[in-house]
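Please examine the sequence and the structure shown below. The briefing that follows is arranged by topic.

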Amino acid sequence: MSTITTFMVISIQVAQMNNTSEMIVKYYKTFAGFNVPLRLIQPFSKEEALGSRHAYYIGYFSKKNNILQRVEKIHNGKLIFTHVYSYHPNGVIKRLETTTADGKLLFKDFDERGKPIERNE
């Protein structure tokens, strides 16, 4: 299976798991800043993204309120990481779930002001 085909199969599986029928999917060349959720910039078409040899980002936005729910970073047809965001009722980020390329799952929680909650582990 080619890299692009593998990526497309993974994307379809992810879409089914996350009910992307309730999502607006957009493609971006990069992001600005280092806060979460990522601020995706420089939108481009799906066709340009799939033909790119550079890294790009896929943003999944809620159709209900246009809030970013998920980001996937793709490079050379391979999934590099996934961010999944959840939010407090006031719209501020509550949790960041990151899945790395090797499948490791990381969590970061935030208070109602968006400040990281430190864990004592």
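Which residue in S5 does Glu72 stand opposite? Glu72 faces Thr82 there. The model is a predicted one, in which local features need pLDDT of at least 70 and side-chain atom pairs count only at pLDDT 80 or more, while totals for chains, interfaces and linings use all residues. Residues are numbered from 1 along each chain as its sequence is written, and side-chain values use heavy atoms, with hydrogens and water left out.

**Sheet**

- Seven strands form an open sheet in the order S2-S1-S3-S4-S5-S6-S7, with antiparallel pairing; strands are DSSP runs (E, at least two residues) numbered from the N terminus, and two of them pair if DSSP finds at least two bridges between them.
- Strand S2 (39-44) and strand S7 (105-109) are the edge strands, each pairing on one side only.
- On average, neighbouring strands of this sheet are turned by 30° against each other, direction ignored; the axes behind this angle are lines fitted to C-alpha atoms, and angles run from 0 to 180 degrees between N-to-C directions.
- Six bridges join S4 and S5 in the antiparallel sense.

**Nonpolar cores**

- The largest nonpolar core has 12 residues, including Tyr28, Leu38, Leu68, Ile93 and Phe110; such a core is a set of buried Ala, Val, Leu, Ile, Met, Phe, Trp, Tyr and Cys residues joined through side-chain atoms within 4.5 Å.
- At least two residues of this core come from each of strand S3 (56-62), strand S4 (68-75), strand S5 (78-87) and strand S6 (93-100).
- Another core lies apart from it and has eight residues, among them Phe44, Tyr56, Ile58 and Tyr60.
- Buried means under 20% relative accessible area, exposed over 50%, and partly exposed in between (1.4 Å probe, protein chains only).
- Leaving aside neighbours within four places in sequence, the contacts of Leu96 (heavy atoms within 4.5 Å) include Val36, His83, Tyr85, Leu106 and Phe110.

**Aromatic rings and charges**

- There are six aromatic pairs; rings of Phe, Tyr and Trp (its six-membered ring) pair if their centres lie within 6.5 Å, and planes under 30 degrees apart count as stacked, over 60 as edge-to-face and the rest as tilted.
- Phe31 and Phe34 make an edge-to-face pair, with 6.0 Å from centre to centre and 90° between the planes.
- Phe31 is partly exposed at 22% relative accessibility, whereas Phe34 is exposed at 79%.
- Tyr57 and Phe81 make a tilted pair, with 6.5 Å between centres and 55° between planes.
- Because Tyr57 lies in strand S3 and Phe81 in strand S5, their pair ties together parts that are 24 residues apart in sequence.
- Both partners are buried, Tyr57 with a relative accessible area of 6% and Phe81 with 17%.
- Lys26 lies over the face of Phe61, 5.1 Å from the ring centre, and the charged end of Arg70 sits over the ring of Tyr60, 5.9 Å from its centre; the rule requires NZ of Lys or CZ of Arg within 6 Å of the ring centre and within 35 degrees of the ring normal.

**Backbone features in loops**

- Val36 and Pro37 are joined by a cis peptide bond with omega about 0°, and Pro37 is found in the loop between strand S1 (23-32) and S2.
- Asn66, in the loop between S3 and S4, has a positive phi near 60° and is partly exposed at 44% relative accessibility.
- Asn76, in the loop between S4 and S5, has a positive phi of about 50° although it is not a glycine.

Key. Helix = DSSP H or I, 4+ residues; strand = E, 2+ residues; numbered from the N terminus.
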